[in-house]
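Please view the sequence and structure below before reading on.

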Amino acid sequence: MRLTDLRLTVELLVDAGANQNGARDRVAARNGIQKSVITDRVKRIENFFGVPLFGGPQRKELTKAGRFMARYGPRLISEIEDFSQMIRDEASGD
């Protein structure tokens with residue numbers, strides 16, 4: 001799993017939780033990428049965790065796992081980024 005995949009997936013989940021319609025378009029535009037890239041990254045994260053994050057006929061509705069990730073994902077990503085910085089800071093002290 002790549003952090004960029006997780007970051008985009010969480011961004012999409014948060015956006016879709018606020019307004020299902022057009023979430024992929026908005027996230028793609030903000031990140032300067034195509035919707036298909038987001039779809040591929042979401043699939044990677046779903047495969048990694050072994051659960052669907054989106055459901056419904058057009059996969060626009062957040063599943064229970066998707067709502068959970070939308071709620072806690074931003075904090076997790078922030079902690080991972082902080083930890084990464086701490087590691088870099090520690091390494092620069094060598």
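Is the crossing of helix 1 and helix 4 left-handed or right-handed?

## Basis of the model

The model is predicted, with local features requiring pLDDT of at least 70, side-chain atom pairs pLDDT 80 or more, and totals for chains, interfaces and linings using all residues. Residues are numbered from 1 along each chain as its sequence is written, and side-chain values use heavy atoms, leaving out hydrogens and water.

## Helix 1 and helix 4

The crossing is left-handed, meaning that the near helix is turned anticlockwise from the far one by less than a right angle. Helices are DSSP runs (H or I, at least four residues) numbered from the N terminus, and strands are E runs of at least two. The axes of helix 1 (residues 3–18) and helix 4 (residues 64–92) come within 9 Å and cross at roughly 135 degrees; axes are lines fitted to C-alpha atoms over the stretch in contact, with angles from 0 to 180 degrees between N-to-C directions. The two helices are therefore oblique to each other (under 35 degrees is roughly parallel, over 145 roughly antiparallel, 65 to 115 roughly perpendicular, the rest oblique).

## Asp 5 in helix 1

Asp 5 lies in helix 1 and is buried, with a relative accessible area of 2% (buried is under 20%, exposed over 50%, partly exposed in between, with a 1.4 Å probe and protein chains only). Not counting residues up to four places away in sequence, Asp 5 touches Arg 41, Arg 44 and Ile 45 (contact means heavy atoms within 4.5 Å).

## Helix 2

Ala 23, Arg 24, Val 27 and Ala 28 are buried in helix 2 (residues 23–31). Elements covering these buried residues include helix 1, helix 3 (35–49) and strand 1 (54–55). Gly 32 follows helix 2 and has a positive phi, near 65 degrees.
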